[in-house]
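Me: I've got a model open and need a quick tour. Can you walk me through it?

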Amino acid sequence: MDSNSDRGFVFCFGFAFNNVQFSDHLLRIEITNGGEITNGDSVQDRKRRRRDVNTSAVGGENEKECNPPAPRVTDLHISSPILAAQSPFFYKLFSNGMIESEQNHVTLRIEASEEAAVMELLKFMYTNSLSSVTDVPALFRVLMAADKFEVASCMQYCTRSFPPEELTALPLVGIMTLLMSNDLMITSEDIVYEVVLKWAKANYSVLEERQGILNHLAPYIRFPYMTCPRLKKILTSDDFEPSVAHKLVFEALFFKAETSLAHRAAIKADSLGRRFIERSYTCRPIKTVEFEVPHRQCIVYLDLTRTECNALYPSNRIFSQKFHLGGKEFLLSPCCNKDQQNRFHHFGLFLWSQEKGSSVSVTVNYEFSSRWKPTQEFAISRKGKYKFTGVQSIGFRDVLGAPWATFIGEDSPYFINDLLHLRAQLSIRL
């Protein structure tokens with residue numbers, strides 16, 4: 001059975017946090033009782049603005065209005081390359097000419113209620129850890145700060161750390177913040193929907209109120225990326241009013257059926273909501289077509305970008321979302337591995353059975369194929385037959401019959417508009 005346990009490299013620059021020897025700027029954090037987080041502006045600029053306002057003010061009352069209480073200030077020594085690498089917010093702050101050459105400081109203004117979360121976020125950007133954040137409310141506040149400062153890695157860390165049973169205690173704004181994120185580290189949108197449904201049932205016991213709040217949250221749920229079985233379940237549930245449920249499900253199914261990338265892009269552009277934008281799922285979304293006659297059959301479509309395929313080299317793998325056939329759970333796993341002679345790298349594809357502790361066996365006929373240029377039609381690459389009895393995998397280390405360089409090259413016949421189209425046809429014949 002083929003497997004992969006590569007976790008990647010985790011950096012840690014904790015030694016450099018607030019250390020003048022490893023810093024090139026001073027971050028001045030102004031802590032107020034109101035106002036929004038703002039871009040950095042120089043102290044000189046703010047003094048100049050206050051001086052201009054005071055000059056134009058007439059009378060003591062106006063002067064009092066123009067001179068609010070001074071904010072509390074905390075200074076931190078920071079490394080602009082570390083912060084810029086972690087956050088587009090800080091990258092733009094340091095690269096758009098907002099800091100003049102003679103300046104070595106930037107200023108952020110935050111509310112007092114955000115202070116602890118922002119400090120934890122800054123530490124995370126150095127250490128890739130939130131070791132001192134131990135409860136869900138504090139973790140949620142860090143998540144909100146990470147969203148404001150565009151620190152995707154921290155958002156992913158927070159969502160991985162949320163105990164699902166404690167999410168029901170989050171306020172509405174907390175659930176909305178989670179749903180608005182494209183960087184949730186979650187296996188599939190089905191899980192996102194189950195969390196939202198559990199939250200709604202815990203906080204809104206009256207059906208009409210629950211349907212109303214789910215209608216409010218619907219634009220932030222990515223229905224087009226939910227599995228077909230879960231979408232069908234929505235149609236027979238009371239989660240939404242029937243007319244709303246039909247609209248959401250049919251819209252999602254139409255998006256799934258549309259194979260043209262240009263058309264999909266047009267749908268995304270015309271949509272005011274986020275539901276057509278794909279999250280950073282840990283398992284790749286698939287499209288499935290199921291048949292019961294003349295025999296049980298499932299056709300699975302899996303699309304991978306050239307970037308995703310490049311990330312597989314030299315020995316990585318990814319997994320698709322789960323699908324079902326013959327009462328068992330399956331998934332597809334594209335990978336990069338060497339041939340049995342350990343000489344050349346190839347693109348591989350495996351079929352995994354995920355049924356744990358089951359004594360039921362099923363014999364599956366399978367065919368793997370991909371679209372090729374110039375016809376852009378699916379051509380069968382490999383096929384076989386296998387009896388699954390538990391957690392097992394079967395597949396091919398070189399499913400396309402080509403070395404890695406040929407597969408991934410710019411003139412590769414396997415990528416159409418930088419997209420690899422894979423198809424797996426599975427059937428059970430008694």
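Reply: One term to start with: buried means under 20% relative accessible area, exposed means over 50%, and partly exposed lies in between (1.4 Å probe, protein chains only). Helices (H or I, at least four residues) and strands (E, at least two) are DSSP runs, numbered from the N terminus. In helix H7 (residues 152-161), the buried residues are Cys154, Met155, Gln156, Cys158 and Thr159.

Me: What covers the buried residues of H7?

Reply: The cover includes helix H5 (115-127), helix H6 (136-148) and H8. Contact here means heavy atoms within 4.5 Å.

Me: What kind of model is this, and how are residues numbered?

Reply: This is a predicted model; local features need pLDDT of at least 70, side-chain atom pairs count only at pLDDT 80 or more, and totals for chains, interfaces and linings use all residues. Residues are numbered from 1 along each chain as its sequence is written, and side-chain values use heavy atoms, with hydrogens and water left out.

Me: OK, big picture. How many helices and strands are in the protein chain?

Reply: The protein chain has 15 helices and 15 strands. Its residues number 430, and 45% of them count as buried.

Me: And the accessible surface, what does that come to?

Reply: About 22,300 Å² for the protein chain. Carbon and sulfur atoms account for 53% of that surface. The areas come from the Shrake-Rupley method with a 1.4 Å probe; for residues, only the protein chains shown count as cover.

Me: What about contacts between residues at least 6 apart in sequence?

Reply: In the protein chain, 70% of those contacts join residues at least 24 apart.

Me: Back to H8. At what angle do H8 and H10 pack?

Reply: Helix H8 (residues 172-180) and helix H10 (residues 207-217) pack at about 40°, and their axes are 11 Å apart. That makes H8 oblique to H10. Angles under 35 degrees count as roughly parallel, over 145 as roughly antiparallel, 65 to 115 as roughly perpendicular, and the rest as oblique. Axes are lines fitted to C-alpha atoms, for helices over the stretch in contact, and angles run from 0 to 180 degrees between N-to-C directions.

Me: Which residues make the contact?

Reply: From H8, Leu172, Ile175, Met176 and Leu179. From H10, Ile213, His216 and Leu217.

Me: What is the split by class in the contact of H8 with H10?

Reply: Six residues are nonpolar, one is polar and none are charged. Ala, Val, Leu, Ile, Met, Phe, Trp, Tyr, Cys and Pro count as nonpolar, Asp, Glu, Lys and Arg as charged, and the others, Gly among them, as polar.

Me: New topic. Is Ser80 buried or exposed?

Reply: Ser80 counts as buried, because its relative accessibility is 11%. Ser80 sits in helix H3 (residues 80-86). Setting aside neighbours within four places in sequence, Ser80 is in contact with Asp24, His25 and Phe94.

Me: Which peptide bonds are cis?

Reply: Pro294 is in the loop between strand E5 (287-291) and strand E6 (296-305). The bond from Tyr313 to Pro314 is cis too, with omega near 10°. Pro314 lies in the loop between helix H14 (306-310) and strand E7 (319-320).

Me: Last one. What is the phi of Gln376?

Reply: Positive, about 60°, although Gln376 is not a glycine. Gln376 is in the loop between strand E11 (362-371) and strand E12 (378-388). With 42% relative accessibility, Gln376 counts as partly exposed.
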